[in-house]
Amino acid sequence: MEALDLARWQFGITTVYHFIFVPLTIGLSLLVAMMQTVAVRSKDPVRKDAWTRLTKFFGSMLIVNFGIGIATGIVQEFQFGMNWSEYARYVGDVFGAPLALEGLLAFFLESVFLGLWIFGWNKLPEKIHLLTIWMVAIGTMLSAYFIIAANSFMQHPVGAMLNPETGRAELDPSQGSILSVLTNVTTLAAFPHVISGAWLVAAAFVTGVAGWHMVRHHNKARQLGLDSVDGAEHNLMSRNVFRPAVRFGVVAMFVSAVVLVISGDFQAKIMFEQQPMKMASAEALCETQSGAPFSILTVGGPNAFEADCESVTHLIEVPYVTSILATYDPGATLQGVDDLNAQYKEQFGETTTDIFGNEVEADYRPNLFVTYWSFRLMIGLAAFSAIVAFWALWVTRGKGENARTTGSKAFAWFTVLAIPMPFLANSAGWVFTEMGRQPWVVHPNPLDPTVRLMTIQGVSSNPGWMVLTSLVTFTLLYGVLAVVWFYLMRKAALKGIPIPQRDEQTDELDTPAISFGY
Ligand code: HDD
Ligand code: HEB
Ligand code: HEB
């Protein structure tokens, strides 16, 4: 493999890896902040106690995840300078501002307030302490905004022009400069989609972990007998602590689903205007077609893994759906991959020059196998969350005296197995977005295509062995980190919440400080 391919693999692996932790941090910090808000506002002591315990329980997992998220993010930053120095040089003037803002403002907010939150239990006034976790949640979302603004510039550059002397993209005051970069319509559309995707991750996580414990306590209670003191306590844990958490997770799933659908639909419209090749690739639509259908199953020939149109055969199709996705108009004409490729060759050249000055043949088609299937995976994997949501609502139905819990092992296993699905959906979404952008690292803006850079022109001139060495090192290091993360998260999740103990003298429930048991 060449240095270019290795560098692409390295960026892909490390960044998909970073985005395992990112959505859980973003989503869980908000859900934990909400849990604590419920606790602080509750007048009923049983309810207050339950939500305080839930806040601490899920907070302990947030802390582990945050730590690994930061460690992997720092590695991510090295990628630009190390393997993509030409690209970094090209976009440096534009990226400097949003990335500095994220570092200074957002990261500062996140880590300072997370520290205050961890050490502030029972020390800070209740309401101030609550404010600190909200600042963490807001900080992670701000971080996300700035980094997505940087990514959106690569999908659709605005606010900048090409400086022919330096050969770099530079902020252009006549086009609104940094303000345009930060209010890029691509950013405005991607932000709610990414954030709601993160909520879905955290919501499925809360539902899965709480669902598991709800079933466990439910069965333990029956095993000990509901009349026994311990049995009754387990029953209360199931009913008063984990059942509300499950239902809270389900509500969060519904909210994220609504935002995901609306924002995803909107993104598709923008994408069709800004990157028609990506839209065509999402459907592996080779020839221009009016009223384009959405296929559910497609097979390819021997070269199916390449960007190869000859071998694509659509087997099951839903009429008009791709045209509607792109424009709202069922009859709309979508240009096919081959026609767009021919058009781009005319516009941008049959050949291009790589960083060593060699002429190479230009092919403007992304890998159709990857774009087609990653798009379907992103949407399809959400089905798991939908099943969990309805199943959970059913087994916890009823109100007041009739509020139910369940002892179903099938439910417990399914809801836990469904935890990784939104993680995978998020990775698939990014893989689609980033690999569908190929062969461009900065995709030309159709209205002003001068700012553009091909991936082949963005790479550093490092020798292949060097890239391979760092690739192997990062992958091994990350492998170890992944094991540590999984072990710590599993441990924190399985630990559950200890049964409340009553103080014999005062008859008050104890609420121990957040546990640092790892
Ligand atoms: Fe990230 C941590 C850098 C993609 C959201 N990231 C984090 C850190 C660095 C980076 C240096 C540690 C210190 C800090 O928080 O600033 N991140 C990057 C780079 C990326 C990237 C170079 C591009 C490939 N990150 C990225 C995306 C998002 C985030 C697309 C959000 C949508 N990053 C975060 C976060 C993190 C974080 C939520 C994750 C876990 C955490 O903070 O604890 O702020
Ligand atoms: Fe990115 C690349 C994913 C974010 C920048 N990425 C890449 C890849 C992948 C990814 C898979 C590979 C592709 C190819 O084909 O080559 N991303 C991703 C994810 C995420 C991201 C998952 C989330 C975390 N990015 C991002 C951001 C940025 C970026 C934010 C900026 C700032 N990318 C990038 C670059 C690259 C990539 C520069 C290299 C070049 C190419 O294109 O490749
Ligand atoms: Fe998604 C991406 C659509 C679902 C996650 N998305 C994306 C895109 C589109 C879409 C169009 C691309 C953009 C560009 O490139 O520009 N989605 C969509 C739709 C749907 C969805 C239509 C259905 C509703 N997603 C989804 C889910 C998830 C997701 C479920 C998870 C959970 N995505 C995602 C991500 C991404 C995407 C992460 C990447 C980033 C951005 O946004 O761009």
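Where does tryptophan 430 lie? Tryptophan 430 lies in helix α14. Helices here are DSSP runs of H or I with at least four residues, strands are runs of E with at least two, and both are numbered from the N terminus. We will come back to that tryptophan.

Some ground rules. This is a predicted model, where local features need pLDDT of at least 70, side-chain atom pairs count only at pLDDT 80 or more, and totals for chains, interfaces and linings use all residues. Residues are numbered from 1 along each chain as its sequence is written, chains are lettered from A and ligands numbered from 1 in the order in which they are written, and side-chain values use heavy atoms, with hydrogens and water left out.

Now the overall picture. The protein has 16 helices and 10 strands. Its radius of gyration is 25 Å, close to the 24 Å that the globule rule gives for 518 residues, so the protein is as compact as a globular protein of that length. That radius is taken over C-alpha atoms, and the rule is 2.2 Å times the number of residues to the power 0.38. Along the principal axes, the C-alpha atoms fill a box of roughly 85 × 50 × 45 Å.

How much of the protein is buried? Buried residues make up 52% of the 518. Buried means under 20% relative accessible area, exposed means over 50%, and partly exposed is in between, with a 1.4 Å probe and protein chains only. The protein exposes about 23,700 Å². Carbon and sulfur atoms supply 66% of that area. Areas come from the Shrake-Rupley method with a 1.4 Å probe; for residues, only the protein chains shown count as cover.

Next, contacts, meaning heavy atoms within 4.5 Å. Take the contacts between residues at least 6 apart in sequence: 79% of them join residues at least 24 apart.

Back to tryptophan 430. This residue is partly exposed, with a relative accessible area of 23%. Leave aside its neighbours within four places in sequence, and tryptophan 430 is in contact with Phe19, Asn151, Val194 and Met435. Threonine 15 is 415 residues away along the chain, yet the C-alpha atoms of threonine 15 and tryptophan 430 are separated by 9.5 Å.

Compare glutamine 79. Glutamine 79 is found in helix α2, residues 45-83. Is it buried or exposed? Glutamine 79 is buried, with a relative accessible area of 0%. Beyond the neighbours within four places in sequence, its contacts are Gln10, Phe11, Thr14, Trp84 and Phe474.

On to charges. The protein has 32 positive and 41 negative side chains. Lys and Arg count as positive, Asp and Glu as negative; His and the chain ends are not counted. The centres of the two sets lie 17 Å apart. Each charge is placed at NZ of Lys, CZ of Arg, CG of Asp or CD of Glu.

How many salt bridges does a search of the whole structure find? The search finds 8. A salt bridge is a side-chain nitrogen of Lys or Arg within 4 Å of a carboxyl oxygen of Asp or Glu.

Asp338, Asp363 and Arg365 are linked in a network of salt bridges. Aspartate 338 and arginine 365 meet at 3.6 Å, N to O. That pair links distant parts of the chain, 27 residues apart: aspartate 338 is in helix α10 (337-348), and arginine 365 is in the loop between β8 (359-361) and α11 (368-380). Aspartate 363 and arginine 365 meet at 3.0 Å, N to O. Aspartate 338 is partly exposed at 28%, arginine 365 at 21% and aspartate 363 at 33%.

Another bridge joins glutamate 434 and arginine 437, at 2.9 Å, N to O. Glutamate 434 counts as buried at 19% relative accessibility, and arginine 437 counts as buried at 6%.

Last, the backbone. Most residues other than glycine have a negative phi, and most peptide bonds are trans. Here are some exceptions.

A cis peptide bond joins glutamine 438 and proline 439, with omega about 5°. Proline 439 lies in the loop between α14 (420-435) and β9 (440-442).

Asparagine 122 has a positive phi, near 65°. Asparagine 122 is in the loop between α3 (85-120) and α4 (126-155), and counts as exposed at 65% relative accessibility.

Tyrosine 328 has a positive phi of about 75°. Tyrosine 328 is in the loop between α9 (321-327) and β6 (333-334), and counts as exposed at 55%.
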